[in-house]
Amino acid sequence: MTELREKLCDKNLKRGYDILLELEARSERSEELYACFPLFLEMLESPKSFIRVRGFRMICAVAKWDRDGLVEKHLPRILSALEDEKPTSVRQCLAKLPKLLESQPQLAKEICDKLHSLDLTVYKESMQPLLRKDIEKLLQGPVTLRDYEQTDCGELAQLFYDTVHTVNAMDYTQEQLDAWATGDVDLEKWNVSFLEHHTVVAEVSGRIVGFGDMDESGYLDRLYVHKDFQRRGVATAICDALEKSSTATEFTTHASITARPFFEKRGYAVVRKQQVERRGVWFTNFVMRKRVVNSP
């Protein structure tokens, strides 16, 4: 850890920044650096702003691996970086805050409350509009999760249709899209299946932006995210919630061509490629499986 501290605290700004980028990239792939969480917390107390920023950024980078509740435990200390004396440092921390929100969606309220409470008048007038714009952008985007309610069904059906006809259009023909999502869903049957499964709904500022459902066996039936909220951690948050609440020893799904890369990044492997028929039209999808760690 001493060597890591020296690298992250390197006074050569270019060299230190290059190391920071390398460590952030490594943290995307591996939980190795999560063990250094105490060091990153310590860096927040440094008298040097660039070290404080690096500590904050590393906390955001490893937060996805936090199984011990360390982020939640130390959240006030972590968020104190948003009150740094240097507005440029605050902007750098704000830019990385979405990573924290993505990996710790249950902390969205506390984080948003902190953003609302920030006093921007302590900074130069020229910086205040920039900081305000950064904050407004973040406040528009925190993802919150909740359980499905029967009144959601119609909106989820519409989101399903819209997503298929936009997001999946890059991988399937119009004929396939029309057969897949006709716009005429049996809402009663959908509602029954949502209630039988564990169904999670994702919202941003009260707006439904995604949903997913998993049955008792660990089969992930549906996972759809609004076209305007792709690549913002919505699907990840939904899957994390479904998998963590399941007692299944393995997870399975039938992934579209579009969704296959997402599931592969989550540790799912292709069992087989298959052709399925809907309304007389044939599609390619993939049976995928993910074994639960430490299960027999």
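The buried residues of helix α7 (residues 87–103) are covered by several elements, including α4 (49–62), α5 (70–73), α6 (75–79), α8 (108–117) and α9 (128–139). Contact here means heavy atoms within 4.5 Å. Helices (H or I, at least four residues) and strands (E, at least two) are DSSP runs, numbered from the N terminus. The model is predicted: local features need pLDDT of at least 70, side-chain atom pairs count only at pLDDT 80 or more, and totals for chains, interfaces and linings use all residues. Residues are numbered from 1 along each chain as its sequence is written, and side-chain values use heavy atoms, with hydrogens and water left out.

The buried set of α7 comprises P87, S89, V90, C93, L94, L97, L100, L101 and S103. Buried means under 20% relative accessible area, exposed over 50%, and partly exposed in between (1.4 Å probe, protein chains only). Helix α7 has 17 residues and reaches 25 Å from first to last C-alpha, close to the expected 24 Å. The expected span is 1.5 Å times one less than the number of residues. At K96, α7 has a kink of about 35 degrees, shortly before P98. This bend is the angle between axes fitted to the seven residues ending there and the seven starting there.

K96 is also one of the residues touched by E24. E24 belongs to helix α2 (residues 13–29). It counts as buried because its relative accessibility is 10%. E24 also touches R57, M58 and A61, with residues up to four places away in sequence not counted.

Seven strands form an open, mixed sheet in the order β1-β2-β3-β4-β5-β7-β6. Pairing requires at least two DSSP bridges between two strands. β1 (143–147) and β6 (269–278) are the edge strands, each pairing on one side only. Neighbouring strands are turned by 25 degrees against each other on average, direction ignored. Axes are lines fitted to C-alpha atoms, for helices over the stretch in contact, and angles run from 0 to 180 degrees between N-to-C directions. β2 and β3 run antiparallel and are joined by seven bridges. E203 stands opposite I208 in β3.

Helix α10 lies across β2, β3 and β4, at about 90 degrees to β3. The buried residues of α10 are C153, L156, A157, L159, F160, T163 and V164. They lie on the same side of α10, because they cover an arc of only 160 degrees around the axis. The arc is that of the directions from the helix axis to the C-beta atoms. Their cover includes α11 (174–180), α12 (187–196), β2 (198–204), β3 (207–214) and β4 (219–225).
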